[in-house]
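Here's a quick tour of the model, going from a loop to a helix, then the cores and the surface.

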Amino acid sequence: MNSRSCLSIVLAAGEGTRMKSATPKVLHKVAGLPMVAHVVKAAEAAGTGDLALVIGHGAEEMRKAAGKFAPAAKLFVQEKRLGTADAVLAARDAIATGYDDILVMFGDTPLIDAGALTAAREKLAGGAAVVVLGFRTGEPTGYGRLIEKDGRLLAIREEKDCSEEERRITFCNSGLMAIAGAHALALLEAVGNANAKGEYYLTDIVEIAGGKGLSVVAAEAGFEDALGINNRVQLAEAEAIWQKRRREAIMLSGVTLIAPETVFFSHDTEIGPDTLVEPNVVFGVGVRIGSNVTVRGFSHFEQADIADGCQVGPYARLRPGAKLQENAHIGNFVEVKNTVVERGAKANHLAYLGDGRVGAGSNIGAGTIFCNYDGYSKFFTDIEANVFIGSNSSLVAPVTIGTGAYVATGSVITESVPPDALAFGRSRQTTLPGKGKQLRERRASAKKA
């Protein structure tokens, strides 16, 4: 297919009324990525060379989002909602440039598989002028039926217009279509609006092309691949399907998921073989996990990098900028943000490590806090190699703890500690014999009074 030029037109003008949201429908996310970006990725995987996004009038949010997930795309505006053929013709200038293949896709079908798009393009290469992607279902009620005869697609019939025999057809229209570039403009411009809604329907080009003696055929996609999203219930269904597929792929790559249905991945999660993931773990966007890592239950990661051999959790939270080098340990109720934990370093319990470095082989005691923020600015805590930080210590940034240094339990450290030093940052204990009893008696008497 590499020798054939291809333009993918993604229709993304929907306002999301049924989503009950101010956010455009196609920007709602599946696996942390806008639905329309999933469609763009599928088009790219199917070999598309150029991309056209058809958006609604005034869709500034769509423009901004497209700059991130499809920076090279050409944006076209459908000024009025006059039907799918009218939406495709909004990209007239791109179509007129001249392509071998035109793919027409919808921004609310995030599960579309690149293989189905490639199969449609192969039929165009074989001489078809129009290829309609269909799916088979045992419950076709509500879907338009694909009417075929002798391998040719004759029409797409809406259910209300079907005969009793046609209603029994289980091969249904997905809405996705591939059109030979040489015929695309002529077919689209021939679509009329003599229907109850006065709209221009893309599906009409099937009969128009057939009437011109052009080859019109169907290609088959999976039911899930063609799933369109119109409300949040369907959005959740798409998320569940995506997660199931991804879990299976990850397990087949050599990762153990003890309770797969409780682990959630993002579209870009990377995870190496021989890693073990316990139940109830969430991988947000931008997470890379190496090999031989143990991820214990109820942990949450986003924009974090975890190298080979690390142990994390349970109940750990790695926030953006967290980087664990080989064999580092992050334990229960430890939060790491914008901090490098170097090779073999450990923070096993109840700590906050923000905006800093924990040097190789260092140990962070329970209850340790990097005091990195003064209400206006962030400051850096630099712990060098083989440092021991005693439990319940507060390190007030900016501060450096030198190699081999020891910070005593319960310290508040406000000044840098030189290498191999022992630092105490606490007041001397005072013990007053008998004063505890007197205090209790005095308070009890006051309460009784």
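## A loop residue

A226 sits in the loop that links β11 (216–220) to α9 (232–252); helices (H or I, at least four residues) and strands (E, at least two) are DSSP runs, numbered from the N terminus. A226 is buried at 11% relative accessible area, where buried means under 20%, exposed over 50% and partly exposed in between (1.4 Å probe, protein chains only). Leaving out residues up to four places away in sequence, A226 touches T109, F135 and S174 (contact is heavy atoms within 4.5 Å). Its C-alpha is 9.6 Å from that of F106, 120 residues away along the chain.

This is a predicted model: local features need pLDDT of at least 70, side-chain atom pairs count only at pLDDT 80 or more, and totals for chains, interfaces and linings use all residues. Residues are numbered from 1 along each chain as its sequence is written, and side-chain values use heavy atoms, with hydrogens and water left out.

## Helix α7

In α7 (residues 181–189), the buried ones are G181, A184, L187 and L188. They line one face of the helix, because they fall within an arc of 105° seen down its axis (taken from the directions from the helix axis to the C-beta atoms). Their packing partners include β7 (130–136), β10 (171–180) and α8 (205–211).

## Cores

The largest nonpolar core has 77 residues, with V130, I179 and I205 among those with the most contacts inside it. Such a core is a set of buried Ala, Val, Leu, Ile, Met, Phe, Trp, Tyr and Cys residues joined through side-chain atoms within 4.5 Å. Apart from it lies another core, of 56 residues, including A31 and V417.
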